[in-house]
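Biologist: Could you take one part of this model, the place where its parts meet, and go through it closely? I would then like to see how the rest of the fold is arranged around it, with every cut-off spelled out.

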Amino acid sequence: MSEQSVVGKNDPKNLKDVFGMMVRIAEADAAIQRGLSAGELQFQYYPCGGQEAIAAALSIILSKDDYMVTTYRGIHDIVAKGTPMREIMAELYGRISGTSKGKGGPMHLSDPASGLMVTTGIVGAGIPIANGLALAASMQGSNRITTVSFGDGATSIGAFHEALNLASLWQLPVIFLCQNNQYAEYTALADYTRSRSLAARADAYEMPGVQVDGNDPIALISAFRDAAQRARSGGGPTLIEALCHRLQGHAFGSDQTHMDQAALKDAIAHAPVPTFRQYLLDEGICTEKDLAAMETEARQEVEDAVDFARNEPSPAADELYRDVFADSTMIPGASITRPKPPDSVAGEIQTMTFCEAINHTLDMALGSDKRVFLMGEDIADPAGGVVKATFGLSTKYGLDRVRPTPIAEQAIVGAAIGAALAGMRPVAEIMINDFLAVCMDQVANHAAKLRYMSGGRTNVPLTIRTLTAGNVGSFGAQHSQSLENWLTHIPGLKVVFPSTPADAKGLLLSCIDDEDPCIFFESMRIYFTPGPVPTGDYRIPLGTADIKRPGSDLSILTYGWMVTEALSAAEKLAAEGIEAEVVDLRCLVPLDRETILESVSRTGRAVVAHAAVEFCGFGAEIAAMLHQELHAQLKSPVARVGGAYTPVPFAQSLEAEHFPNASQIVSAAKTLLAD
Amino acid sequence: MPNVILRMPKAAVSMQTGVIGQWLVEDGACVTEGQLIYELEIEKTMVEIEAPTSGVLKQIAVTGESYNVGEIIGEIIG
């Protein structure tokens with residue numbers, strides 16, 4: 001026991017409870033490794049030996065309502081947060097009665113009933129999400145705090161720094177718990193950083209940073225108590241570095257040659273469980289009989305859980321598509337006729353630009369639903385967003401609900417995910433869609449997958465608005481792409497790409513209402529183009545395409561700003577006696593297969609047009625679908641018109657060559673009709 | 001203690017097969033849970049595998065031979 005062991009001696013029940021939790025953790029960890037040794041279980045497992053005291057001490061401080069986020073080396077955190085042992089083991093055996101119906105597994109186990117909201121398999125990625133859980137609790141006026149546990153290796157990753165900065169800026173009720181076990185996977189601390197104290201990194205963010213002996217439950221309880229009290233009383237976050245030592249290799253079966261053998265031997269000699277056991281005996285806090293009883297009970301609990309798990313059924317095949325979205329008919333292959341939006345909507349019609357329609361819609365959403373809030377770079381007044389899309393909203397609704405952020409996309413999306421998990425309806429702005437690249441882990445590995453990985457027990461009702469600034473003649477390669485296909489390829493994300501101010505309103509409101517993460521694309525090319533917008537409250541159901549112009553000779557299937565080019569092409573074709581139908585997909589996921597197939601089966605010819613690079617673009621998916629479904633009815637092969645296979649060039653002469661236009665659509669259409 | 005079948009464990013991400021380097025306990029001898037019972041050779045490294053339970057070890061796999069992950073290599077009779 002270290003010098004920090006000055007409190008808690010008068011509270012023997014706490015210490016006994018900590019030991020009880022430590023042996024439950026150790027038994028669970030040992031049982032999993034027994035299963036792996038026998039070859040009965042076969043997965044990568046990251047044992048927690050050497051870190052048992054940290055989670056056990058934390059369990060004394062946190063309540064069931066407090067949120068926890070942990071990482072793949074997290075069995076100790078999972079057990080200590082209160083996840084039922086049977087459900088843990090059933091999940092590891094891939095059973096339907098596991099915490100996540102067997103869909104998460106050891107690296108993605110969550111149990112919202114006990115406050116365990118996320119276990120991530122991506123180093124450092126839980127840290128920004130914890131901010132969102134804490135932000136939601138604070139906006140909801142609850143006393144909940146959030147703890148996020150991560151290894152020392154995670155302090156090297158950008159998400160850690162972005163998240164600490166934001167948590168400090170917003171004074172969020174978070175405990176950042178770095179369990180420093182001296183190794184980032186196979187690399188020793190001294191080989192990946194010159195920092196001698198990881199806790200000292202808190203100084204850079206004006207946050208208290210504390211180093212504590214991670215083998216000493218009494219010191220840990222004290223540190224956690226201080227941090228929890230600070231968080232609950234509005235004092236903001238704390239970074240705690242719990243110093244411990246990993247007692248085995250990185251994963252089950254890993255050799256230990258990368259570890260300092262003398263340090264490992266010493267750590268095993270001072271392992272937290274036997275050391276604390278001896279302390280409790282020496283101090284007269286527990287008798288041998290007390291301790292043996294706790295050990296027997298823990299062993300029995302774990303053996304019962306393993307027996308339970310072995311005998312439970314695996315998930316049936318019909319679980320495969322369940323929990324991708326709230327509604328399984330939203331997956332792209334599903335064949336369903338969706339309700340069409342009402343023809344007439346309430347309220348007078350006003351002329352608004354696309355940008356004004358976004359502002360008007362966000363205003364309406366903020367005004368009608370307290371769960372809705374906005375976050376993004378520069379979105380507050382006086383800037384009101386880089387293109388003024390959010391102008392006036394922070395003045396009207398306050399900075400609590402219209403939150404300007406640091407330039408930190410991982411922190412923005414992570415916080416939005418966490419807030420969505422906790423029942424809020426965040427609308428995050430990623431200024432330009434090219435910047436999705438810097439937060440793609442949060443979008444693709446977390447927002448998209450948390451529902452599925454939790455077996456439907458959590459969900460992420462998050463909207464991300466993002467702008468493509470292509471074909472406006474000034475942005476060049478890093479602000480002008482159309483990256484919707486990155487997102488359509490990730491199951492779990494809805495992808496919406498409107499072409500008119502009125503559609504933008506009805507679709508954005510649907511996204512905000514939706515129970516799943518929606519990525520909402522806006523186009524600079526048409527951002528300041530006016531159109532009629534009903535001022536009443538109306539929704540356009542996701543997955544409903546719209547025939548923007550009827551025609552009988554061919555179908556032009558398109559979305560986003562390319563709809564304007566398609567309509568222009570249709571006019572040119574009409575002048576030559578060719579009637580083109582323009583189908584605006586509006587949503588790529590969910591996809592309105594019915595409207596597309598109905599149109600093309602009628603016309604027998606199709607051109608798919610989009611601004612995104614043609615190679616591997618969404619048009620390929622549509623073309624494949626049409627050839628498969630309408631093979632006999634097609635009068636000619638489906639044509640594709642998309643961006644050239646180049647980065648978007650700056651010079652206008654080249655940019656105009658890169659992006660498709662009405663003339664190219666006309667040429668493609670004529671080629672089809674000549675077949 | 002119930003009998004526990006020993007299968008070739010998956011002890012590394014890329015592991016498809018493993019070779020028993022050497023049994024550390026004789027066939028028919030008693031082992032206790034946690035005791036090292038054999039050396040497993042994978043990807044040019046050697047790791048030692050612990051007994052998942054206590055009992056009498058029945059060796060099935062032959063030293064130096066390669067076995068697929070999941071293949072039966074022995075049993076501990078509880």
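Modeller: Two residues are taken to be in contact if their C-beta atoms, placed from the backbone, lie within 7 Å. This is a predicted model, in which local features need a pLDDT of at least 70 and side-chain atom pairs count only at pLDDT 80 or more, while totals for chains, interfaces and linings use all residues. Residues are numbered from 1 along each chain as its sequence is written, and chains are lettered from A and ligands numbered from 1 in the order in which they are written.

The contact between the chains draws on 18 residues of chain B and 11 residues of chain A. On the side of chain B that touches chain A, the elements giving two or more residues are β1 (4-7) and β5 (45-50) of chain B, where strands (E, at least two residues) and helices (H or I, at least four) are DSSP runs numbered from the N terminus. By class, this side of chain B has 12 nonpolar, three polar and three charged residues; here Ala, Val, Leu, Ile, Met, Phe, Trp, Tyr, Cys and Pro count as nonpolar, Asp, Glu, Lys and Arg as charged, and the others, Gly among them, as polar. As for confidence, the predictor gives the complex an ipTM of 0.87 and a pTM of 0.95, and chain B averages a pLDDT (the predictor's confidence in each residue, from 0 to 100) of 93, with 100% of its residues scoring at least 70.

A:G214 counts as buried because it has 27 C-beta neighbours inside 10 Å, the cut-offs being 20 or more other C-beta atoms within 10 Å for buried, 12 or fewer for exposed, and in between for partly exposed, with C-beta atoms placed from the backbone. Beyond its neighbours within four places in sequence, A:G214 is in contact with residues including A:Q51, A:I54, A:Q179 and A:C244.

Two further loops of chain A hold cis peptide bonds. One joins A:D381 to A:P382, with omega near 10 degrees, and A:P382 lies in the loop between β10 (372-377) and α13 (393-397) of chain A. Another joins A:V589 and A:P590, with omega about -10 degrees, and A:P590 lies in the loop between β20 (587-589) and α20 (593-603) of chain A.

For the chain as a whole, buried residues make up 57% of the 675 residues in chain A, and the C-alpha atoms of chain A fill a box of roughly 95 × 55 × 45 Å along the principal axes.
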